[in-house]
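Here is a short briefing to read alongside the sequence and the coordinates. Please keep both in view.

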Amino acid sequence: MLLRLAWATLTRHRMRTLLATLGVAVSAAMLLDMVMLSTGMRASLEDLLLSRGFQLRLAPKGTLPFDTDATIPEASEVIRTLRTVPGVTTISPVLGGQVHVEGVQRTISATALGVDPAVQGDYEITNGRSPSAPNELVASADFLQVSGAQVGDTLSVAAGYDSQLRSFTGRRTMTLVGVAHFLYMAAEQRAVALPLETLQSMEGARARDRVSLFMIKAGENENVDTVLKRIETALPRVSALSTETAMRQLDARLSYFRQLAFILGAVSLGVGFLLVTTLVTVSVNERLGEIVVMRAIGVAKGRIVSQIVIEGIAIMVTGAICGLGLGLVTAKYLNSILAAFPGLPAAIDFFLFEPRAAWTALGLLTGAGILAGVYPSWRGASMPIATTLREEAVG
Amino acid sequence: MIAALLAVTLFQSLDTIAPHRLPRTAAIDERLAADASLKIGDRLVLSSAPGDSTGDTVIVSALVRRRADPSEVARAEYRVRLHLDQLQALIAYGDRVDRFAIATHGATATDSAIRRINGAAFGFQAYRSRDIAVETSRTFLVVSRFHRAIGVITIVASAIFLLCIMLLKVDERRRDVAALRLMGISAGSIVSSMMVEAAFVAVAGSAIGVGIGWTSSLIINWYYRGVYRTPLAFAVVTPEIVTLAVALSLVLGLVAGFLAAQRLVRLPALELLSGRREKRTPARTIVAP
């Protein structure tokens, strides 16, 4: 009965109900996007950092991985020390650099990663195989596209350029043995990976026994924070970062987006709430006569309030359901804009859909719908019956 | 480090003491001075690695405030500006620099210099500062595009909201409109009067919105300048933005008012007066037996 009455009221002014639902749908879409933005980026990065099972990173003291050109000296000694730390199971050293690949027509520069191919966590092979000899390398699809090279080709790779001698330095002839998807690289970034020792020797004295980063796996049953503390004690001259610490650092840097998400989400919720409140208030004012008649024939105040609240909830929930679809479409579009962020791994999604985000948006809007209906309905149902009846009849 | 190398030339004049006799001077970040309680005249030991005993002692001679540079806003590291040769020695960089900043006499001279450097100096690449600025501000171009997209969504939501409100406002005046129609006032006049009303509401709302926007920009700038410790303006309300917002609001208001009024004046006056919509039943054909 309550539902039928609410339905009859909503369909009495179809255009009005449709517009209100549309307004709520846009607000819900924005709210969903903002909930996705506030949580998705973090979840996406966490997934990325843990995708290869490395829970810890060691970077030069006071820096984040690859945040500066700084490197960790005496890498062999660090590895030896790390092997003595209880709980450490896998150590993957990484040296970052730049290489120049001499082509027929032009030289192509690419980001280079010196890794231990057996334990690396920076790329996944999509075609071919991982390097197994010092003169082998793998490259990203973007590199292949720009250079025109193919798996099996021999390339002349240099690590630097001497402007006085006008020649490349650290030159090696290497074989391209595979195509790799680099997990932490930005979109369209040209990248190659080669054995660590090869890159170190190509870069000469400045990279001798140096690495940019260590990626570390802790044992399955180990507490990561405990292992982190052990590493910090054993190696006070490096910064050890757990995934959680990295997330906190990221949070601090990208706090702008979380704050923006919070503000816009709150505004969207507020707009949806205002829209439904206005509509329900006007609707109640128009039906005062009908409401007092119902009261006069004995319908309880609570039932009248419930009926009007149901109207508000119906608009909110219908709008929210339409808004969820709209929100996913707009999130995809907004994500494509933010994906162009310079230097950010292409695998990061700013807007990551999680069912929890949808439920949060729906829950907030339903709550707002209830609140939007409570005051006008209570006011309408509390009007003095006789006076209102007379006023409505005369008016 | 690049900035430090570049800035070295700016601070050559800070130090007139002969090298290696007395500690040389260095300029440090204002934030570093605040966080580490340093002041001009303090002595520091700088080294390329933590705990390195072969550090170089310098005297703090200047505090440098960050420029309002968007590309630096999210970078939290401290900066120390040293003399070029001192930094080269400190980090064992040899006789190398990362880049040169070159001043020219006007745009023509810049073009000519770039052409000559790129043509003659094999292994170097000359860029216009403007091109570098475009490249380094890519982050903010992305943020700007994101804001624009959010703005479009907000405009759509506002348009629907405005249309809904106008519909309600016009609906409230069904009887007034009916009386006017019965008195012989034309539909066009009624629509015009409602559009004027809608325009007034839109302009009044815009004025309040501009006030809220301006206050918000003050709060945003105050907050983010504190968070990022930069003089950068994060939100700016310009006359162009105000004009755009008011114009957009006015257009939306007029369109919403027109649509809502059109919907009302199309109904028969008596139907409006009674508040009931008359059901139009199709004509029935009675066939004689």
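This is a predicted model: local features need pLDDT of at least 70, side-chain atom pairs count only at pLDDT 80 or more; totals for chains, interfaces and linings use all residues.

Chain A has 395 residues, and 41% of them count as buried. Its contacts with chain B involve 30 residues of chain A and 25 of chain B.

**Chain A overall**

- Chain A holds 12 helices and 12 strands.
- Take the contacts in chain A with a separation of 6 or more: 83% of them join residues 24 or more positions apart.

**Helix α6 of chain A**

- Helix α6(A) spans residues 224-234.
- A:Val227, A:Leu228 and A:Ile231 are buried in this helix.
- The buried residues of α6(A) fall within an arc of 105 degrees when seen down the axis, so they line one face of the helix.
- The face turned away from that buried side carries A:Thr226, A:Lys229 and A:Thr233, which are exposed.
- Several elements of chain A cover the buried residues of α6(A), including helix α3 (75-84) and the strands β1 (56-60), β2 (88-102), β11 (213-218) and β12 (238-242).

**Helix α9 of chain A**

- Helix α9(A) covers residues 288-296, and its residues A:Ile291, A:Val292 and A:Arg295 are buried.
- These three span an arc of only 95 degrees around the axis, which puts them on the same side of α9(A).

**Nonpolar cores**

- In soluble globular proteins, nonpolar side chains tend to be buried together.
- The largest nonpolar core here has 85 residues.
- A:Ala28, A:Leu31, A:Val276 and B:Cys164 have the most contacts inside this core.
- Helix α2 of chain A (residues 14-50) supplies the largest share of the core, 18 residues.
- A second core is separate and has 52 residues, among them A:Tyr123, A:Val138, A:Ile216 and A:Val238.

**Where the chains meet**

- B:Cys164 touches A:Arg16, A:Leu19, A:Ala20, A:Gly23 and A:Leu275, leaving aside residues up to four places away in sequence.

**A:Ser239 in chain A**

- A:Ser239 lies in strand β12 of chain A.
- A:Ser239 and A:Pro65 are 174 residues apart in sequence, yet their C-alpha atoms are 9.3 Å apart in space.

**The sheet of chain B**

- Strands of a sheet pair through backbone hydrogen bonds, either parallel or antiparallel.
- Four strands of chain B form an open sheet with mixed pairing, in the order β2-β3-β1-β4.
- β2 (43-46) and β4 (80-81) are the edge strands of chain B, and each pairs on one side only.
- Strand β1 of chain B (residues 24-29) runs antiparallel to β4(B), and two bridges join them.
- B:Ala27 has B:Arg81 as its bridge partner in β4(B).

Definitions and conventions: Residues are numbered from 1 along each chain as its sequence is written. Chains are lettered from A and ligands numbered from 1 in the order in which they are written. Two strands pair if DSSP finds at least two bridges between them. A residue is buried if 20 or more other C-beta atoms lie within 10 Å of its own, exposed if 12 or fewer, and partly exposed in between; C-beta atoms are placed from the backbone. The arc is that of the directions from the helix axis to the C-beta atoms. Two residues are in contact if their C-beta atoms, placed from the backbone, lie within 7 Å. A nonpolar core is a set of buried Ala, Val, Leu, Ile, Met, Phe, Trp, Tyr and Cys residues joined through C-beta atoms within 7 Å.
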